Amino acid sequence: SRDSPTADCREPPPPSRPRRCLLAPGALEAGSSLLRVEAGSDAALCFGPSFLARLRREYGSATFVQQRGESAAVITACELLLTCLRDGFCSDVPSASSSFF
């Protein structure tokens, strides 16, 4: 398990090969997450091993979506992904209760 960034993640990618993530809202069904998140192999280096699963569970949950709305779920998840990519590495997902939405 990786607890710190790899050398590849600390360095900015070349402009011709940006790091890519796909975040897509879907239908919120019982026991599922509103969010679908996929990271390209270069972007995946910037996240701890379970970061994306925690992000989906915390911000795509029915509770978060019902209390704060689908837009807040998508915007917050995007901001967290962008912060990780900009900072170089993330292993922990902030609690949804700390979200400013």
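User: What pattern does the protein chain follow, read along the sequence?
Analyst: Reading along the sequence, you get α-β-β-α-α-α-α. Keep in mind that this is a predicted model.

User: And how many helices and strands does the secondary structure come to?
Analyst: The protein chain has five helices and two strands.

User: How much of the chain is buried?
Analyst: The protein chain has 101 residues, and 32% of them are buried.

User: What share of the contacts comes from residues 24 or more positions apart?
Analyst: That's 65%, counting contacts in the protein chain with a separation of 6 or more.

User: Switching topic: how many disulfides does the structure hold?
Analyst: There's one disulfide. Cysteine 84 and cysteine 90 form it, and their sulfur atoms sit 2.0 Å apart.

User: Remind me what a disulfide is?
Analyst: It's a covalent bond between the sulfur atoms of two cysteines.

User: Is the one here left-handed or right-handed, and why?
Analyst: The torsion about the S-S bond of cysteine 84 and cysteine 90 is about -105 degrees, so the disulfide is left-handed.

User: Are those two cysteines buried or exposed?
Analyst: Cysteine 84 counts as buried, because its relative accessibility is 1% and the cut-off for buried is under 20%. Cysteine 90 comes in at 15%, so it counts as buried too.

User: What about cysteine 78?
Analyst: Cysteine 78 has a relative accessible area of 30%, so it's partly exposed.

User: OK, helices now. How do the axes of H3 and H5 cross?
Analyst: Helix H3 covers residues 51-59 and helix H5 covers residues 70-87; their axes come within 10 Å and cross at roughly 155 degrees. That makes H3 roughly antiparallel to H5, since angles over 145 degrees count that way.

User: Which residues make the contact?
Analyst: From H3 it's Phe51, Leu52, Leu55 and Tyr59. From H5 it's Ala73, Thr76, Ala77, Leu80, Leu81 and Cys84.

User: I clicked on leucine 85. Where is it found?
Analyst: Leucine 85 is in helix H5. Its relative accessibility is 19%, so leucine 85 counts as buried.

User: What is leucine 85 in contact with?
Analyst: Setting aside neighbours within four places in sequence, leucine 85 is in contact with Arg19, Cys21, Ala43, Cys46 and Phe47. Take phenylalanine 47: it's 38 residues from leucine 85 in sequence, and their C-alpha atoms are 8.4 Å apart in space.

User: Where is the place of phenylalanine 47, then?
Analyst: Phenylalanine 47 is in the loop between helix H2 (41-44) and H3. At 2% relative accessibility, phenylalanine 47 counts as buried. Phenylalanine 89 is 42 residues away from phenylalanine 47 in sequence, with 5.6 Å between their C-alpha atoms.

User: Last one: is glycine 60 buried or exposed?
Analyst: Glycine 60 counts as buried, with 0% relative accessibility. You'll find glycine 60 in the loop between H3 and helix H4 (62-68).

User: What does glycine 60 touch?
Analyst: Not counting residues up to four places away in sequence, glycine 60 touches Leu28, Ser32, Ser33, Leu34, Leu35, Leu55 and Val65. There's also proline 25, which is 35 residues from glycine 60 along the chain, with 8.5 Å separating the C-alpha atoms.

Technical notes:
Residues are numbered from 1 along each chain as its sequence is written. This is a predicted model: local features need pLDDT of at least 70, side-chain atom pairs count only at pLDDT 80 or more; totals for chains, interfaces and linings use all residues. Side-chain values use heavy atoms; hydrogens and water are left out. Helices (H or I, at least four residues) and strands (E, at least two) are DSSP runs, numbered from the N terminus. Buried means under 20% relative accessible area, exposed over 50%, partly exposed in between (1.4 Å probe, protein chains only). Contact means heavy atoms within 4.5 Å. A disulfide is a pair of cysteine sulfur atoms within 2.5 Å. Axes are lines fitted to C-alpha atoms, for helices over the stretch in contact, and angles run from 0 to 180 degrees between N-to-C directions. Angles under 35 degrees count as roughly parallel, over 145 as roughly antiparallel, 65 to 115 as roughly perpendicular and the rest as oblique.
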